[in-house]
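Please look at the sequence and the 3D structure shown here, and then read the briefing below, which takes up helix packing, aromatic rings and a loop residue in turn.

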Amino acid sequence: MSKPSAKMTPQRPAFHCVISLLATVALASATLVSTAANCRAQQTAAPAAAKPAQAKPLPGLDLSSMDLSADPCVDMYKFACGKFAANHPIPADLPSLDPAYVLYEINTQELSGILEKAEAGGAARSPDEQKIGDYFKACMNTDAINAAGLKPIQPLLDEIDALNASPAGRAQLATLIGKLQRYGVDAFFGYGEQQDFKDATKQIAFIQQGGLGLPEKDYYLRTGDKDIKVRDQYVAHVAKMLTLAGSAPEQAETDAKNILAMETALAKASLGVDDMREPEKTYHLQPIATLEASLPGFSFTAFEDATHSPHVSEINNSTPQFWPEMDKQLQTADIETIKAYLRYQLLLTFHSNLPKALDEENFDFYGRILEGQPEQRARWKRCSSAVNGALGEALGKVYVEQYFAGDSKAKMLQMVHDIEAAMGRDIDQIDWMSPATKVRAREKLAAVANKIGYPDKWRDYSKLTISPTDALGNELRANAFENDRELNKIGKPVDPLEWGMSPPTVNAYYDDSLNDVNFPAGFLQPPFFDRTQDNAVNYGHIGAIIGHELTHGFDDEGRKFDDKGNLSDWWTPEDLKNFEARTDCLSHEYGSFTAVDDVKVDGKLTLGENTADNGGLLLAFMAYMQRAKDEHTDINAKIDGFTGPQRFYIAYAQSWCENARPESIREQVLTDPHSPDAIRVDGAIPNQPGFADAFSCKKPSPMVPANNCRVW
Ligand SMILES: [Zn+2]
């Protein structure tokens with residue numbers, strides 16, 4: 001998973017997913033299986049309420065959400081989704097509601113059913129059932145969690161308290177930070193494993209800026225009233241957390257102000273979200289001595305030992321500009337500030353399994369203030385998501401048996417092949433790319449691996465101990481287990497069968513280094529994939545998402561990687577110039593959308609996702625038309641009053657019907673590479689060559705402008 005915010009879990013680079021990530025801060029486990037950067041993982045967040053009525057699947061084509069008084073040629077979002085918000089109020093425990101969230105709610109219900117059974121299971125349980133059942137049971141026992149207080153993390157708190165300002169005391173920081181990071185506390189920076197950008201056969205270590213409590217760099221630096229207010233609220237929140245954990249209120253307030261100042265210094269030394277998308281800016285493979293030279297006061301070897309990393313001889317120093325400032329802070333900041341910062345990081349990581357007051361305060365800032373969400377998710381929802389995070393493939397195995405129909409994989413594979421074939425035709429047809437580069441693009445396309453539903457080989461959790469009575473201990477052990485699993489890959493051969501998301505996840509991703517597309521079973525459900533619907537609807541929903549992931553291999557970032565997943569320049573200068581003229585067109589188009597009050601879409605940050613949306617929709621339409629031709633389907637025959645092409649475009653638009661709180665849109669636009677849902681419709685539709693015909697639109701009209709953008 002991971003998110004651009006409070007817990008800076010190191011982002012495994014090179015992941016590109018289809019759905020944004022929101023609300024993950026208010027969440028349970030740091031060990032989410034999905035490590036996809038900026039991907040919506042399984043959010044969790046709690047007044048324990050009785051289980052509400054079951055969420056119902058949305059139909060593939062939802063007539064009740066359409067506003068038939070709107071003109072699709074003027075505003076496709078309004079036509080397809082105009083009544084969605086009125087019919088779908090946002091539940092108090094979500095930041096927004098869209099079809100992905102509805103499906104997420106349904107999946108959570110299904111997971112909780114599996115977990116309740118595993119919890120009750122008794123002696124006949126399999127080892128995996130024992131683990132998922134007991135993790136859930138301990139997580140649900142809030143009485144025991146409240147009674148335990150801070151006791152489960154007391155040894156770590158004691159180690160923080162023992163720090164002192166002497167050189168020997170500060171020298172302890174490398175060990176302590178390493179130990180905390182092994183438990184999922186991402187204090188100061190991120191450290192992890194990635195495939196080498198320039199030699200995808202190698203698994204190497206990477207180190208990256210991090211450690212910020214606010215969602216990203218610019219939250220510390222913007223000067224508007226809203227930003228100043230958020231920083232004040234952050235300071236008040238940090239002070240309250242520290243007070244709840246035993247600090248005197250006045251001391252906590254001083255510490256919180258100092259923490260903001262220290263984090264602001266780190267933020268100034270950090271790259272922004274735009275730069276972090278560029279592989280050249282985040283790839284600096286170097287001997288370990290070079291990194292160590294930029295961290296003179298920090299024993300990297302001691303850190304490696306504490307975090308259970310092998311000793312590495314080289315590393316991707318993702319953000320070299322960050323270390324001088326971090327080193328300065330570690331060596332010169334008031335030791336009391338560093339201690340308070342580490343204490344806060346610890347509380348932030350484990351709040352879900354700490355006493356209620358801490359958990360509530362965490363939600364108040366990250367959920368209520370930053371995302372406008374009135375209520376925390378019910379405990380059973382959060383615990384279901386926590387098990388999916390900690391033991392995603394043990395839970396996923398049962399989920400797949402119960403909820404992923406056997407022949408779904410074959411139908412999905414047919415669509416994937418159709419869309420890959422469409423991309424082949426598209427590459428052949430485009431007029432701006434030279435034959436030489438087309439050959440390379442074709443090679444890359446032919447090498448894309450397709451992963452559908454669930455892994456062929458399941459993860460082994462046998463060495464992870466899970467207790468039915470120790471929620472926080474389970475979280476600590478699960479985090480350490482996942483950390484060790486990741487770091488153990490360094491120096492070993494790549495396993496191309498590994499998944500970066502658990503099977504129940506509502507999302508999909510493309511991985512630059514593996515050159516593969518991944519579609520978890522949790523996403524291959526209505527309305528996105530609905531076996532009862534015709535091809536038009538399925539190609540419009542999941543087909544466009546398949547095309548989206550595939551296009552990521554050829555967006556402004558993915559195009560820099562070749563068929564083997566290596567960062568290498570396979571473009572002629574002329575082709576690159578043509579490509580960039582086309583992506584600039586998209587940057588300008590999307591950059592002109594206002595997302596919410598004073599915040600515009602960042603055309604550069606969202607370029608990869610917008611390129612993927614536009615290309616994906618185009619490819620899915622080509623594939624749909626070809627399939628209709630091959631199967632002699634009459635695309636003009638109407639169902640529910642709409643022709644095939646009309647149903648295709650309505651289904652695409654309805655993937656992105658949304659009812660969102662303004663706070664959550666604001667956070668998304670400021671931190672996330674995905675455009676807000678409605679803009680994913682009205683931004684992509686005007687660039688679709690098939691749309692004008694489908695709805696008999698006159699040119700020009702807002703959805704069929706005289707000039708549009710086209711990359712793929
Ligand atoms: Zn994407």
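**Helix pairs and aromatic contacts**

Helix α10 (residues 225-244) and helix α16 (residues 335-350) cross at roughly 85°, and their axes come within 10 Å. This is a predicted model, in which local features need pLDDT of at least 70 and side-chain atom pairs count only at pLDDT 80 or more, while totals for chains, interfaces and linings use all residues. Residues are numbered from 1 along each chain as its sequence is written, and side-chain values use heavy atoms, with hydrogens and water left out.

**Helix packing**

- α10 and α16 are therefore roughly perpendicular to each other (a word for angles of 65 to 115 degrees).
- Tyr234, His237, Val238, Met241 and Leu242 in α10 meet Ala340, Arg343, Tyr344 and Leu347 in α16, where contact means heavy atoms within 4.5 Å.
- The residues of this contact of α10 with α16 divide into 7 nonpolar, 1 polar and 1 charged (Ala, Val, Leu, Ile, Met, Phe, Trp, Tyr, Cys and Pro count as nonpolar, Asp, Glu, Lys and Arg as charged, and the others, Gly among them, as polar).
- Helix α24 (residues 573-591) packs with helix α25 (residues 607-630) at an angle of about 105°, and the axes are 10 Å apart, which makes α24 roughly perpendicular to α25.
- In this second pair, Thr583, Leu586, Ser587 and Tyr590 of α24 meet Leu607, Asn610, Thr611 and Asn614 of α25, and the residues of the contact divide into 3 nonpolar, 5 polar and no charged.

**Aromatic rings**

- The structure holds 38 aromatic pairs (rings of Phe, Tyr and Trp, the last by its six-membered ring, with centres within 6.5 Å).
- Phe189 and Phe298 form a pair that is edge-to-face (planes over 60 degrees apart), with 5.9 Å centre to centre and 80° between the planes.
- Because Phe189 lies in strand β3 (residues 189-196) and Phe298 in the loop between α13 (288-293) and α14 (300-306), the pair ties together parts that are 109 residues apart in sequence.
- Phe189 counts as buried (under 20% relative accessible area) at 0% relative accessibility, and Phe298 is buried with a relative accessible area of 5%.

**A residue between strands**

- Lys198, which lies in the loop between β3 and β4 (199-209), touches Tyr283, Asn566 and Leu567, not counting residues up to four places away in sequence.
- Lys198 and Asp562 are 364 residues apart in sequence, and their C-alpha atoms are 9.8 Å apart in space.

Notes
Axes fitted to C-alpha atoms, helices over the stretch in contact; angles between N-to-C directions. Helix = DSSP H or I, 4+ residues; strand = E, 2+ residues; numbered from the N terminus. Parallel < 35°, antiparallel > 145°, perpendicular 65-115°, else oblique. Phe/Tyr/Trp six-rings, centres within 6.5 Å; stacked < 30°, edge-to-face > 60°. Buried < 20%, exposed > 50% of the residue type's maximum accessible area, 1.4 Å probe, protein only.
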